[in-house]
Amino acid sequence: MRAIKKQGGFTLVEIAIVLVIIGLLLAGVLKGQEMIENGRVKSAATDLNGVAAAYNSYLDRYKAMPGDNGPTANITPRGGVWATMTGGDGNGILVATAATTFNPAVGAENELFFRHLRAAGYLAGDPAATAVNALPLNAWGGRTGVVNAITQGRPVAKLQVCMGNVPGKSAAALDRQLDDGVTTTGNFRATLGANNIAPAVAAAAATVYIEDQVYTVCRDL
């Protein structure tokens with residue numbers, strides 16, 4: 001009589017162990033992603049605070065606004081990297097329209113804003129970088145720029161530092177950390193937009209952040 005061959009397979013205990021391991025791996029991946037995103041939020045907050053601190057330090061040292069500081073003949077005698085630096089018109093107003101927040105022209109005051117801060121040693125980077133390359137990259141690969149206009153529902157024109165390409169969840173976290181957590185109020189506001197879209201001159205798009213959307217966020221300086 002032929003012996004019946006016993007079929008192999010996984011026991012319920014073995015399957016349960018595999019499922020537990022898979023669950024732990026997935027939890028670890030998700031936790032890792034959350035930690036990465038939290039790190040980006042902290043980095044962005046530090047960068048925004050850093051620009052504000054650099055701006056105020058520049059004002060204190062030179063009694064002029066970075067980017068507007070000029071004319072050129074007044075700043076080149078500082079020597080070093082200043083010797084080839086371009087100056088602004090020196091009228092006490094930074095020219096930075098909403099449309100050029102993330103694509104400034106060579107020699108425009110919103111481009112010179114970052115070049116002057118670097119030349120003064122307040123921001124890291126190459127003071128000779130021009131146009132869009134003068135704008136720092138933020139934690140999400142978008143640009144960081146400045147604007148001096150009525151944007152995102154603000155009642156009057158304000159000098160603001162803006163970041164493009166910020167995910168909704170992170171934009172909300174930044175708003176809660178730096179302001180009131182609402183897109184349309186306070187000194188930190190947001191508008192819907194893909195990577196490096198200029199901040200809207202009208203009211204902000206919504207009163208709540210949508211996590212799977214992308215935003216341009218701006219903070220008053």
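**View 1. A disulfide joins Cys-162 to Cys-218 in this predicted model.** The S to S distance is 2.1 Å. A disulfide here is a pair of cysteine sulfur atoms within 2.5 Å. In general, a disulfide is a covalent bond between the sulfur atoms of two cysteines. The structure holds one. The angle about the S-S bond is 110°, and the link of Cys-162 and Cys-218 is right-handed. The pair ties distant parts of the chain together: Cys-162 sits in strand E2 (residues 158-167) and Cys-218 in strand E4 (residues 214-220), 56 residues apart.

**View 2. Are the two cysteines, Cys-162 and Cys-218, buried or exposed?** Cys-162 is buried, because its relative accessibility is 0%. Cys-218 is buried too, with a relative accessible area of 0%. Buried means under 20% relative accessible area, exposed over 50%, and partly exposed in between (1.4 Å probe, protein chains only). Of the chain's 221 residues, 39% count as buried.

**View 3. The protein chain has four helices and four strands.** From the N terminus, the order is α-α-α-β-β-α-β-β. Helices (H or I, at least four residues) and strands (E, at least two) are DSSP runs, numbered from the N terminus.

**Notes.** Residues are numbered from 1 along each chain as its sequence is written, and side-chain values use heavy atoms, without hydrogens and water. Local features need pLDDT of at least 70, side-chain atom pairs count only at pLDDT 80 or more, and totals for chains, interfaces and linings use all residues.
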